[in-house]
Amino acid sequence: MTGVSLIVLYPHPLDVSQFELDYQEHLVLLHEKNQIPPDTKPYTLTKFLPTPLGPAPFYQMFTLPFPSMDALQQTLASPAMQIVAADAVRISSGGAPQVLVGTAN
């Protein structure tokens with residue numbers, strides 16, 4: 001199997017300013033727990049903008065690539081990522097984040 005990506009979609013937060021502060025701390029936690037150097041960003045963050053049809057259904061998307069499904073599953077099962085996942089839920093004041101796994105064609 002080719003590479004896969006972990007995708008986390010965050011609903012619109014109740015308080016955008018607080019979410020932004022919490023999210024910066026969340027990224028620090030992600031880096032610390034997974035031993036990612038502070039100046040390295042193996043992930044992408046996408047903020048959604050309104051469309052001509054109205055607001056986007058989500059506020060932000062986090063995408064983290066993995067070389068394989070096995071690598072993704074091992075990472076997600078680790079105690080470190082369980083802490084990061086719990087924190088993602090904690091900071092998502094607009095509802096639980098949606099977690100998806102995908103491949104690029």
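**Helix 3 and the largest pocket**

Strand 1, helix 1, strand 3 (60-66) and helix 3 each contribute at least two residues to the lining of the largest pocket, where helices (H or I, at least four residues) and strands (E, at least two) are DSSP runs numbered from the N terminus. The model is predicted, with local features needing pLDDT of at least 70 and side-chain atom pairs counting only at pLDDT 80 or more, while totals for chains, interfaces and linings use all residues. Residues are numbered from 1 along each chain as its sequence is written, and side-chain values use heavy atoms, leaving out hydrogens and water.

**Exercise 1.** Determine which residues of helix 3 are buried, and what they pack against.

*Solution.* Begin with the extent of helix 3, which covers residues 79-91. Next, apply the cut-offs, buried being under 20% relative accessible area and exposed over 50% (1.4 Å probe, protein chains only): the buried residues are Ala80, Met81, Val84, Asp87, Ala88 and Ile91. Because they cover an arc of only 115° around the axis, taken from the directions from the helix axis to the C-beta atoms, they lie on the same side of helix 3. The face turned away from this buried side carries the exposed residues Pro79 and Arg90. Finally, the buried residues pack against strand 1 (4-10), helix 1 (16-33) and helix 2 (69-77), contact meaning heavy atoms within 4.5 Å.

Conventions:
Expected span 1.5 Å × (residues − 1).
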